[in-house]
Amino acid sequence: MTERTPVVIVGAGTCGLAAACALRRAGIDVRLLEREDVPGTGSRATLLWPLGLAVLRDLGVREDAERRGLPLDALHYHLAGGRTLRTTVGAENEALVLAQHATDALLEEALEAAGGRVERSAHVSGVTPGPDGVTVKVDRPGGTELIEAQWLIAADGVGSTVRRLLGIDFPGTTLPARYLAVDGAIDGDLAPGAVHYFLRPAGPMVVAPLRGGTVRMGAPVPDGTELSEATVQRVLTERGGDGLVLRRLDDITTFASQERVAATLRHGRCFLVGDAAHTHSPIGGQGLNLGLQDVANLTWKLAGVLRGAYTPDLLDTYEPERRRAAEQTVQNTHRFARMFTLGPRPARVRNAAWRGLDATGVLRRHFVPLLAGRRVAYPDVLPGGPARRARGLPAPGERPPGGAPPAGTGALRLVTRGDAALAAAGAHLAARHPGRIAHEHRASGRGFVLVRPDGFVARAGRTTADLDHVATLAAGLAPAPGGA
Ligand SMILES: Cc1cc2nc3c(=O)[nH]c(=O)nc-3n(C[C@H](O)[C@H](O)[C@H](O)COP(=O)(O)OP(=O)(O)OC[C@H]3O[C@@H](n4cnc5c(N)ncnc54)[C@H](O)[C@@H]3O)c2cc1C
């Protein structure tokens, strides 16, 4: 039987769940197809940086995530000779340590609360794109189903079936290092609230304490390393010291990482998000955060197009914006991974440099925001752009200082400050563009900022004349009369 649905999402990993949740909360019908019959519990992402947490906030699960996770406020670098550098991340970069399967469970609960669900044992084996929609072939234990969808989101992970079926290349390389990934309990001096990087002559190792006394440990190891308790204890002792003792082993695996970005993030009515779109070394805990940002970028646009508030042309901005973010992140994690896996002699130089960077505050001011993903800015590809940067105000494509407000209804949020004439002009604009621009006025400060639902600045200015750029943008976002 053939059914019609606005959006099909392939893959109920974190990104697929987040996308389904965002669209359902915007009132859009989605079908979320997952090939596995039960949720995965394997050892994967643990670190949620502020931009990833902002996505969880907008999906209504941040508070629960904070209850189940551990706040991360420091990075501890354990160097040779027993010396430890303790870099605090600072309030604005505070992260959360939470096992990925716990994040997934929260998102699935939120999806169900919003009236959606995961269809499990639903393996997507065919995708046929057309000018007005996509036909999706789904294999289930009971037979095959064809779904007609207006749009498709591929969130089916690094080995994406959809990417392959669409013939999208995934250029890049596989990194030589093989990593051990361990979940378990370790006795020893591992302060909670910190991720511990052991940068010792025997090799590097990273340990992240989770809530409930368990830890996640990762370390590069030679190919063919035996997966056993003895191996874990040997790595702990060699790289962490005699004080670290494995008390319980819950999960052990090895993985190799790749550095790749898909040749295109959009093919007609199909979009790639998360690991289906890009992959890189997990050092620095960026992957899931990057994927959640893909979801935030895409879903407000897609929901707005489907509810008739925005022109479908807005969807063209997904590719250049998210490509910029993916390429920057792959480059950064490449550098982190290289720094992490240096041989003994260059590692000594790195550690000496690290001490200097810590002492001068450079680690905290530059390295931590890089890890937190705060350096990512979009090219200004919105209608009417590129717009000029007003002095002293954030540029289009940057994040507003002090953090982005909650996503709200899916309209761009125009915040005017101080000047009554600006307030009146802002209110007038919002009245002309209902569903596209929402206006609020604050007495303090001066000027205005227009913030997108995904938290990036669209426009900023000082005067009512500058508001013309907002009017041009809003008009450019409006769908053509009678358009799809
Ligand atoms: C050891 C390790 C540690 C990591 N640590 C961090 C970290 O600390 N912080 C961080 O941000 N990131 C980290 N990452 C990266 C992070 O885990 C990934 O970026 C994240 O899982 C990507 O989510 P996703 O939803 O795109 O894909 P996935 O989580 O891979 O989900 C894809 C889903 O699609 C399903 N699927 C696949 N094919 C089909 C099909 N044909 N039909 C239907 N369903 C299908 C799969 O079963 C799966 O459920 C780590 C990764 C690893 C391996």
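Here is a walk through the structure above, from the whole chain down to single residues.

Keep in mind from the start that this is a predicted model. The chain is built from 12 helices and 23 strands. Its C-alpha atoms fill a box of roughly 70 × 60 × 40 Å along the principal axes. How does the radius of gyration compare with that of a compact globule? A compact globule of 484 residues would come out near 23 Å, and the chain has 23 Å, so the two agree.

Buried residues make up 55% of the 484 residues. The chain exposes about 20100 Å², and carbon and sulfur atoms supply 52% of that area. Now look at who touches whom: taking the contacts with a separation of 6 or more, 72% are between residues 24 or more positions apart. As for charge, there are 57 positive and 49 negative ones, and their mean positions lie 7 Å apart.

Set aside residues up to four places away in sequence, and proline 6 touches Ile28, Asp29, Ala149, Gln150, Trp151 and Leu306. Take aspartate 29 from that list: it is 23 residues from proline 6 in sequence, yet the two C-alpha atoms are 6.1 Å apart in space.

Is glycine 69 buried or exposed? Buried, with a relative accessible area of 0%. Leaving out residues up to four places away in sequence, its contacts are Leu96, Val97, Leu98 and Arg211. There is also alanine 102, 33 residues from glycine 69 along the chain, with 8.7 Å between the two C-alpha atoms.

Now for the charged side chains. How many salt bridges does a search of the whole structure find? It finds 28. One of them joins glutamate 108 and arginine 120, with 2.6 Å from N to O. This pair links distant parts of the chain, 12 residues apart: glutamate 108 is in helix α4 (residues 100-113), while arginine 120 is in the loop between β8 (118-119) and β9 (123-129). The cut-off for buried is under 20% relative accessible area. Glutamate 108, with 17%, is therefore buried, while arginine 120, with 21%, is partly exposed.

Aspartate 294 and arginine 322 form another salt bridge, again with an N to O distance of 2.6 Å. Aspartate 294 belongs to helix α7 (residues 287-306) and arginine 322 to helix α8 (residues 318-340), so their bridge ties together parts that are 28 residues apart in sequence. Both aspartate 294 and arginine 322 are buried.

Arginine 459 and aspartate 380 make a further bridge, this time at 3.1 Å, N to O. The pair links distant parts of the chain, 79 residues apart, with arginine 459 in strand β23 (residues 457-461) and aspartate 380 in the loop between α10 (362-371) and β20 (412-417). Arginine 459 counts as buried at 3% relative accessibility, and aspartate 380 is buried as well, at 16%. Elsewhere, salt bridges link Arg31, Glu119, Arg140 and Glu145 in a network.

Then there's arginine 350, in helix α9 (residues 344-359). This arginine is buried yet has no salt bridge. Which side chain of opposite charge is nearest to arginine 350? That is aspartate 358, 14 Å away. Leaving aside neighbours within four places in sequence, arginine 350 is in contact with Leu199, Met339, Phe340 and Leu342.

Serine 121, in the loop between β8 and β9, has a positive phi of about 50° although it is not a glycine. Serine 121 is partly exposed, with a relative accessible area of 22%.

Terms used. Residues numbered from 1 in each chain as written. Predicted model: local features only at pLDDT ≥ 70, side-chain atom pairs only at ≥ 80, totals over all residues. Heavy atoms only, no water. Helix = DSSP H or I, 4+ residues; strand = E, 2+ residues; numbered from the N terminus. Rg over C-alpha atoms; globule rule 2.2 N^0.38 Å. Buried < 20%, exposed > 50% of the residue type's maximum accessible area, 1.4 Å probe, protein only. Contact = heavy atoms within 4.5 Å. Areas by Shrake-Rupley, 256 points an atom, 1.4 Å probe, with all protein chains shown as cover. Lys, Arg positive; Asp, Glu negative; His and termini not counted. Charge placed at Lys NZ, Arg CZ, Asp CG, Glu CD. Salt bridge = Lys/Arg side-chain N within 4 Å of Asp/Glu carboxyl O.
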